[in-house]
There are 2 protein chains.
Amino acid sequence: MLPEQTPASPATALDEDELAALDAHWRAANYLAAGQIYLLANPLLREPLRPEHIKPRLLGHWGTSPGLNLVHTHLNRVIKARELDAVCVWGPGHGGPAVLAGSWLDGSYTQTYPDVTRDEAGMARLFRQFSFPGGVPSHVAPETPGSIHEGGELGYSLSHAYGAALDNPGLVAACVIGDGEAETGPLAASWHSNKFLDPVHDGAVLPILHLNGYKIANPTVLARIPEDELDQLLRGYGHDPLHVTGSDPAQVHRAMAAAMDQALDRIAAIQHAARTGSTTERPRWPMIVLRTPKGWTGPHEVDGVPVEGTWRAHQVPLDQVRTNPGHLAALEAWLRSYRPEELFDDDGRPEPQVLACVPRGTRRLGANPHANGGLLARQLPLPAPEKYAVEVDKHGATLHEPTRVLGGMLEQVMADTAERRDFRLVGPDETASNRLQAVYGATGKAWQAQTLPVDENLARDGRVMEILSEHTCQGWLEGYLLTGRHGLFSCYEAFVHIVDSMVNQHIKWLRTTRRLSWRAPIPSLNYLLTSHVWRQDHNGFSHQDPGFVDHVLNKSPEAVRVYFPPDTNTLLATAEHVLRTRDYVNVVVAGKQPCFDWLPLDEARVHCARGAGIWDWAGTEDGERDPDVVLACAGDVPTMEVLAAAQLLRRHLPHLAVRVVNVVDIARLMPAEEHPHGMPDREYDALFTQDRPVIFAYHGYPWLIHRLTYRRTGHAHTHVRGYKEIGTTTTPFDMVLRNDLDRYRLVMDVIDRVPGLAVRAAHVRQQMADIRTRHDSWVREHGTDLPEVADWTWTG
Amino acid sequence: MLPEQTPASPATALDEDELAALDAHWRAANYLAAGQIYLLANPLLREPLRPEHIKPRLLGHWGTSPGLNLVHTHLNRVIKARELDAVCVWGPGHGGPAVLAGSWLDGSYTQTYPDVTRDEAGMARLFRQFSFPGGVPSHVAPETPGSIHEGGELGYSLSHAYGAALDNPGLVAACVIGDGEAETGPLAASWHSNKFLDPVHDGAVLPILHLNGYKIANPTVLARIPEDELDQLLRGYGHDPLHVTGSDPAQVHRAMAAAMDQALDRIAAIQHAARTGSTTERPRWPMIVLRTPKGWTGPHEVDGVPVEGTWRAHQVPLDQVRTNPGHLAALEAWLRSYRPEELFDDDGRPEPQVLACVPRGTRRLGANPHANGGLLARQLPLPAPEKYAVEVDKHGATLHEPTRVLGGMLEQVMADTAERRDFRLVGPDETASNRLQAVYGATGKAWQAQTLPVDENLARDGRVMEILSEHTCQGWLEGYLLTGRHGLFSCYEAFVHIVDSMVNQHIKWLRTTRRLSWRAPIPSLNYLLTSHVWRQDHNGFSHQDPGFVDHVLNKSPEAVRVYFPPDTNTLLATAEHVLRTRDYVNVVVAGKQPCFDWLPLDEARVHCARGAGIWDWAGTEDGERDPDVVLACAGDVPTMEVLAAAQLLRRHLPHLAVRVVNVVDIARLMPAEEHPHGMPDREYDALFTQDRPVIFAYHGYPWLIHRLTYRRTGHAHTHVRGYKEIGTTTTPFDMVLRNDLDRYRLVMDVIDRVPGLAVRAAHVRQQMADIRTRHDSWVREHGTDLPEVADWTWTG
């Protein structure tokens, strides 16, 4: 199974001193990794190991750690030798002990956490805190210096690395991909990112596929296909793979050093050729396939069964150390096999030989500022929305496509960042479908693969990124933001669920980094969800799902913001706001279809700042007393239906005092104690009243509004209409009608719920019911909406 | 760019008559596809085309349709020639018109929908209903005869095809993969499914990668890498690709027929070799790369810009047909180019030549029973849970690991289906981690790649399927169920979010098929979510997320069931139930860690059947009057905390009348009008009272309980504790304490909310607060739970 080694090129052959130094660093890191998993005390084994030195709960992942340490050691070497600016994304992030060991060794850990000193006391702290209550997590996590990647949920390492490399021409983003992670869909898709990486304006990604052969309990696919088949696969992905295989440390050190040198030489040559204009061909980027045993250098056998080199080394290879003297002795022998006495001095400080390969200052992997991207992030230049705002002399007199107008503003952002290159727009082949194509006036779509004469807007240096993989889009953007740049993800509303779990992890990241003073805030992750549930009438049921909002509102409120701008100017004002923020996930839901212009920009801005407000021009209350009914709305289509309902009420029931409330920032509905944007009760009551019926037309699943408002005094009087999971290919108005969100149904709801109205307005109610029936027949006969609906305009 | 053709092998060269017949079928299908997009009347163009013959809203996807039709034509040919039992998964399912055309031509459409006759009147109906209100969706959908795959959300075609082929040794599952879909993560991962397909016991999958070069608005990656690079990629995936390229219909027909024959010959040879035992090597399965122009045979140019062969052909190539006479003329010319007068007789029936390639009866793609799997599904043999149930003489006196015990029952299911082979267990490398490994007593893990001596439980014919891709697991299982077999997906609770969007689509499928009388109910999709939020203390925050339940409860209630069995026997009873059901998505959340045995099996069964009930043995009420407080719980850990709280209350406040209610079936909480399992109010009130404080300890996000119960009379008195998104690597009890779900906090909640208790029980409250503080110090010092928590037992 083991293929031939990549021979070390003579130019880069290690001499014996170098080899000894690299091995010392690697042994030290392995010792520290094992120590973190096991030791509560006696960190340098100055006395024989006793059960009380062992942690009561053994947690952590040993299996991947020696391989990660090997990569760490060798990255150190080339960073130092070549003065590289490099980060590393550790895909097998379960191996937290390894990455923490590397950071402790290079001094960045102590720099970040001064109480964990680089000496015996600090080593004891390092060991104790690992996976210990009140300590640090078992995975590579936000708490880990030098990390932009939580290694818990697998699949996103490579797209994160690409995101980091984009627009960072001097950066090398190394990326260790475990053979387990390589089986995931998001990882499998992200190999093709190399068709989007510009060798001129972007940095390099160096994928290191680490085949240790096993997952939790199984062999891995890529480790069990023939070497030549794997090689074909990687070449098919567009890479030029270098294979490093072995279990003898000295031999692997030599091969790894040679492969690293070859890869970096090749990267340098590719970049040089592209940057001097001598070629525009898509490069075949190098990558390394590193094949070493799982749990390498750990116990070879335990209780008579093989452990090293098998899945049994995945977590804790010796698991009864406190109670089984044989295990205790095996652990001691294992730890002593690294010869800690050679690696650390009397004070527990790493010996000079151990640190010989370690780079200095911000070149250390644990201290590179790209991995704490907020340090590098600049304020995004934003044009004044005034320039793009639509004229609104009269509420609702004109129509615009909100996202198309936003596209003009984004074009300017693209133009203003043409030199700085710190803004990207990502989307799964939907930028034009979502009507943002004005951006192509300022930049193209990144594309390094073949082009044909019919192609439009493709560009090697484009900053719009389109691939039909929501996962890859999300991963790119996360990597880009985490390294301190700005961006926007435009996505069909229904299909953003594809990245539910990715946004979960990003919000968890933000929740944690917000508590870490050394982590500078990063630009927010902004979603523009469009082509939404109410206007996917042509694609039908599969494209209709407004539930992403429910999903993100389950996560930490401090990091989540959700906006439903009801028209074009409100979308501009919302965009202006969210693009300035840091450390949030902002979800903006807005339509691309022609939408009435309700607010001039100045009113839109005030409305956005308030997040919710009374539209007095739309209602009929006199201001003297509470209204008879509140019509509330959130979302562009519900807003139109509510205004149409208000107009019907004004005509048919002129004496009814109707208030119209529009909600842009949905978290305003929440109690102030539950969300930073939550309204105090008195403010809520002033908007919605305590006791009048509230008919709430909401863009998504209606129960979300109940979930947000159940503690409000007026909740019992609140009746919500929204999407009830009734969808198909049909007309726009048929969609709202089928879900009982239509204007006529809302009027009926008002009549049903305002005390005393049922009898008095029975004829109006019947009229409404009749129109609904008429619409139903019309649409089935003509295939279009009833003219009085299709041609409706707001007349106040 | 165009590579050499795969030469037609002489043996399979088409004669001129065959060629003409295939081309006639293809032209007819293309005509019918275009007709569906455009025509409201004049289906056979018996009169000149006029604007009023055109639909008012032009919806549909032309671009992919001619390629799908080509595949349909050629599958017909080989099915008929070889008497194949075949289904086809249409990945580019946006091309609904194509698949509907094929079904109408083979008569299966009329068989399914008798009013859409195979004549002129039926053709008019076929055209009119497409993407028309009250008609049929624009995509391949549940309504489409012969389909097991909704083509709206891309990525799942290939895993569905593999699911269909598993344990169907006589079946060929063809699968068209669009080059857009090929960019998605789920699709990219699923290529490796061929390492899990047993040529002896499973059928064959024939992937047909259709490169038409463009997505909505962009070229595709796989169409723009060099042919040899693509070839390497596909060989790296383990395939032996056959390339068919062209734009001349006759030449492509010849090449496609030859490629189909070669592929099927190769499949036959692989299966023969494996089934006669002459080889056990992993086969290199054939596949076809079909490269034809997007929108092939449609308008070449429109308004002076190229359309055929570009992304502009994606949807509706001529979009102003009603208003632009040039477009109208171009449409007429386009439609007439198929020479409908040669294809359909005077009654609008397809001419014999058109139908020459069409197979008969259930061999037609639109009528194969595998694509209506409920027709084939048998009742799953289930052993009596009695055999596996744990003895419970006394509530809470013993501990068992629920999933481990379930594993024993599943082993028997595996054993009892050893011959029938209609049950599979899927999971992302977590079967053993989730403690279901008893199943390996009856079957192995499917694995066709290399094996080594250290491997355990791998088997070519294994029916446990493990790959580190939740997407692939889900896709396999969906395909397996949709073709009428049974299965269970065991998954870490947090990471099931990875398939949020897939389960969305499956529930949408079920919601729709439940309304189609011709679709027989299929076995339910069963999730076992374990390694859950409360016991991921070792992996930490990234592994802690109970929100999947919230996600599925947004979908159609008729198809969604969610269970929280609180102990081992209840899990067995739940499993027995869900494995018998049809047409549901059943979500079962259960722990793998030792859990108190609360109920003997007979009580567990009754409790499951009721879905929620009073545990009178756990409470202190006298039955004469309403209790002072209700302690409610759902989930294994909350149940333990509630019982511990009940025990504390019994000891410290013996006169307090406490009721304990356990909820297994969470939908019971919903109003009866909103979910088929919802309780009527009187039943709810009888359990929870109308006015007593309810302290509800819930497994997941607490607001879910509010969302489900906000209409209940007692809702205002309901206080919910659950997971508040506070997670890390820590001890089990520290997790519940940090989230205020712990027994001491629950007792404090009782004291705070039972009127009059605050003063009387202030000392008890203080005691509780003190223990919490003490735990906090203890856990940070010792790394373990306070002994009185760790050693707690139920004493009643």
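1. B:Asp23 and B:Arg27 sit four residues apart in helix 1 (residues 16–38) of chain B, so about one helical turn separates them. Helices here are DSSP runs of H or I with at least four residues, strands are runs of E with at least two, and both are numbered from the N terminus. The two side chains meet in a salt bridge, 3.2 Å from N to O. A salt bridge requires a side-chain nitrogen of Lys or Arg within 4 Å of a carboxyl oxygen of Asp or Glu. B:Asp23 is buried, because its relative accessible area is 17%. B:Arg27 is buried too, at 9%. Buried means under 20% relative accessible area, exposed means over 50%, and partly exposed lies in between (1.4 Å probe, protein chains only).

2. Basis of the values. This is a predicted model: local features need pLDDT of at least 70, side-chain atom pairs count only at pLDDT 80 or more, and totals for chains, interfaces and linings use all residues. Residues are numbered from 1 along each chain as its sequence is written, chains are lettered from A and ligands numbered from 1 in the order in which they are written, and side-chain values use heavy atoms, with hydrogens and water left out.

3. Other salt bridges. A:Arg605 is partly exposed at 28% relative accessibility. A:Glu386 is partly exposed at 46%. In chain B, B:Arg349 and B:Asp347 pair at 3.9 Å, N to O. B:Arg349 is partly exposed at 39%, and B:Asp347 is partly exposed at 44%.

4. A salt-bridge network. It links A:Arg721, A:Lys724, A:Asp740, A:Asp742, A:Arg745, A:Asp749, A:Asp752, A:Arg765 and A:Arg772.

5. Domains of chain A. The assignment gives domain 1 (16–359), domain 2 (386–595) and domain 3 (613–790). The bounds come from an automatic or database domain assignment. Over C-alpha atoms, the centres of domain 1 and domain 2 of chain A are 34 Å apart. Their contact (heavy atoms within 4.5 Å) takes 35 residues from domain 1 and 32 residues from domain 2.

6. Area between domain 1 and domain 2 of chain A. About 2,800 Å² is buried, and carbon and sulfur atoms give 62% of this. Buried area is the accessible area (1.4 Å probe) that two parts lose on being put together, summed over both. A:Pro142, A:Asp167 and A:Phe196 supply 25% of what domain 1 buries against domain 2, more than any other three residues. There are three salt bridges between these domains. A:Asp167 also pairs with A:Arg421 in a salt bridge, 2.7 Å from N to O.

7. Chain A against chain B. In this interface, 122 residues of chain A are in contact with 122 residues of chain B. The buried area is about 9,600 Å², of which carbon and sulfur atoms give 56%. A:Arg224, A:Leu468 and A:Asn554 supply 7% of the area that chain A buries, more than any other three residues. There are 14 salt bridges across the interface. B:Glu725 and A:Lys555 form a salt bridge at 3.3 Å, N to O.

8. Helix 5 (residues 120–129) of chain A. A:Gly122, A:Met123, A:Leu126, A:Phe127 and A:Gln129 are buried. Their cover includes helix 1 (16–38), helix 3 (96–106) and helix 4 (108–112) of chain A. After helix 5 comes A:Ser131, with a positive phi near 55°.

9. A:Thr718. This residue lies in strand 22 (residues 718–721) of chain A. A:Thr718 counts as buried because its relative accessibility is 9%. A polar atom of its side chain lies 3.1 Å from the backbone oxygen of A:Gly714. Leaving out residues up to four places away in sequence, A:Thr718 touches A:Val694 and A:His706.

How values were computed: Polar contact = N/O pair within 3.5 Å; in protein donor to acceptor, adjacent residues only side chain to side chain.
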